[in-house]
Amino acid sequence: MITLKNDDPEVWRAIQEEVERQQNTIDLIASENICSPAVQEAQGSSMTNKYAEGYARKRWYAGCGNVDTVEELAIERAKQIFGAEHANVQPHAGSQANMAVCFSVLKPGDRILGMDLSHGGHLTHGFKKNFSGMLYEITHYGVKKETGYIDYDELRAIAIKTKPHIIIAGASAYPRIIDFQKFGKIADEVGAYFMADIAHIAGLIVGGVHPSPIPYADFVTTTTHKTLRGPRGGLILCKSKYAKQIDSVIFPGIQGGPFMHCIAAKAVAFKEAMTEEFKQCQRQTVKNAKTMAQEFVKRGYTLVSGGTDNHLFLIDLRNKGIPGKEAQILLEEVGIILNRNTIPFDERGANEPSGIRIGTPTVTSRGIKEAEVIKIAECIDKILSNPSDIKIKETVQKTIRDLCSAHPLYEEACQVAK
Ligand code: PLP
């Protein structure tokens, strides 16, 4: 970044420090990942200069031949990796993808049935300060208090009672397999559209370690930057019969010019997702999460639903007497980055919740495996069990630094790009 360094040293320095921060810390944020240098090169390319309102071969501006090529590649690859009939690769982010689906089939005041935010759902599934909660009438399903698993009986009962226009499956903090077939059946029974938001688990689905909603859902939305390991962005997959209405809601409905540099980077990421290395990485991500979750259980921690089937798990810290926010701060001090999280039926508010969320996509992309995630769990336990012990803090800091040095950010992620 020689030019940037010369022209804008302040921004250059912040970027360098961010790269160093990422290199020298263990990232357990379940929604993050490390995309490959190839993805970053495409995203940092001159395609950012191009206006391309419209769709490939039907643009409003001249000079779109090259961006048409990358958008067509991205669409074909997205369809191939998910087995979908239609793909729209233009949503700027996951939230825009969800908004587009809502706008395509709902009118203000219509009814949405989505997962409760405090049970693991997302803001766009009906939070009152989100467009979804402002425009539509929302009812929520959640998990069973005794098991932490989605309560499908409750879901069906609410669906029958409230007759939603759309049912949304998918979550930001749910550690178990989602039964998309069951969702599809309930939606059919009550005459609702079914949208599956696979933002968190898209990579696992492509890797064959989570069932796909494609056969059952009318619409599937996702981000491209979580387990899917692409650039920051969104994607909508749907049956051909909805293609026109989805495309016209994205443009001209809610977006203008697509981010062609991001679409180029999405195309690269989708190609990487076809490789055996990517699939292996997804399998390892789940293995790492399961191994780490078991280690916490062995050490006396309470996990929501008792464990995990996917890339993340939630620790209920109430029996440890340490709130989620304090745990997040203490762990950041030793180089472990994660987020506080509500646990289902949390008596504390969203800002000061009782739990933390732990995810394994980033560490797995760095080549970290079972033995090392056990070590990370041990480090977390040591800190949370001895929050004011300076000696323990120093030992853990060193262990984390050594682990980070042994697993450079890009060495492993690069494998996919070669
Ligand atoms: N859907 C789910 C389930 C998510 O977890 C997220 C992001 O965390 C989104 C949608 C929204 O994605 P974005 O942050 O790209 O708008």
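Modeller: Keep in mind that this is a predicted model. The protein chain falls into domain 1 (40–272) and domain 2 (276–417). Their centres, taken over C-alpha atoms, are 27 Å apart.

Biologist: What makes domain 1 and domain 2 count as being in contact?

Modeller: Contact means heavy atoms within 4.5 Å. By that rule, 27 residues of domain 1 are in contact with 29 residues of domain 2.

Biologist: How is the size of an interface expressed?

Modeller: It is often given as the accessible area lost when the parts come together. Between domain 1 and domain 2, about 2,400 Å² is buried. Carbon and sulfur atoms give 59% of that area.

Biologist: How many salt bridges cross the interface of domain 1 and domain 2?

Modeller: The rule finds one. It also finds 12 residue pairs in polar contact across this interface, both residues at pLDDT 80 or more. On the side of domain 1 that touches domain 2, helix 9 (residues 202–206) gives the most, with three residues. By class, that side has 12 nonpolar, 10 polar and five charged residues.

Biologist: Why is the pair Asp309 and Arg176 called a salt bridge?

Modeller: The rule asks for a side-chain nitrogen of Lys or Arg within 4 Å of a carboxyl oxygen of Asp or Glu. The N to O distance for Asp309 and Arg176 is 2.9 Å, so the pair qualifies. The structure holds 19 salt bridges.

Biologist: How do you know that Asp68 and Arg57 also form one?

Modeller: Their N to O distance is 3.7 Å, and the limit is 4 Å. The pair therefore passes. The partners are 11 residues apart and link distant parts of the chain. Asp68 is in helix 4 (residues 65–82), and Arg57 is in the loop between strand 2 (54–55) and strand 3 (58–59).

Biologist: Why is Asp68 called buried, and why is Arg57 called exposed?

Modeller: Buried means under 20% relative accessible area, and exposed means over 50%. Asp68 has 5%, so it is buried. Arg57 has 53%, so it is exposed.

Biologist: What makes Arg59 and Glu71 a tie between separate parts of the sequence?

Modeller: Their side chains meet in a salt bridge at 2.8 Å, N to O. Arg59 lies in strand 3 and Glu71 in helix 4, so the pair ties together parts 12 residues apart in sequence. Arg59, at 14% relative accessibility, counts as buried. Glu71 is buried too, at 1%.

Biologist: Why is Arg318 called partly exposed?

Modeller: Arg318 has 44% relative accessibility, which lies between the 20% and 50% limits, so it is partly exposed. Arg318 forms a salt bridge with Asp316, with the closest N and O atoms 2.7 Å apart. Asp316, at 9%, counts as buried.

Biologist: Which residues do salt bridges with shared partners join into one network?

Modeller: Arg57, Arg59, Asp68, Glu71 and Glu72.

Biologist: How do you know that Thr222 is buried?

Modeller: Its relative accessibility is 1%, and the limit is 20%, so Thr222 counts as buried. Thr222 is found in strand 9 (residues 219–223). Leaving out residues up to four places away in sequence, Thr222 touches several others, including Gly94, Ala199 and Leu235. The side chain of Thr222 reaches the backbone oxygen of Ile198 at 3.5 Å.

Notes
Residues are numbered from 1 along each chain as its sequence is written. This is a predicted model: local features need pLDDT of at least 70, side-chain atom pairs count only at pLDDT 80 or more; totals for chains, interfaces and linings use all residues. Side-chain values use heavy atoms; hydrogens and water are left out. Domain bounds come from an automatic or database domain assignment. Buried area is the accessible area (1.4 Å probe) that two parts lose on being put together, summed over both. A polar contact is a pair of N or O atoms within 3.5 Å; within protein, one must be able to donate a hydrogen and the other to accept it, and residues adjacent in sequence count only if both atoms are side-chain atoms. Helices (H or I, at least four residues) and strands (E, at least two) are DSSP runs, numbered from the N terminus. Ala, Val, Leu, Ile, Met, Phe, Trp, Tyr, Cys and Pro count as nonpolar, Asp, Glu, Lys and Arg as charged, and the others, Gly among them, as polar. Buried means under 20% relative accessible area, exposed over 50%, partly exposed in between (1.4 Å probe, protein chains only).
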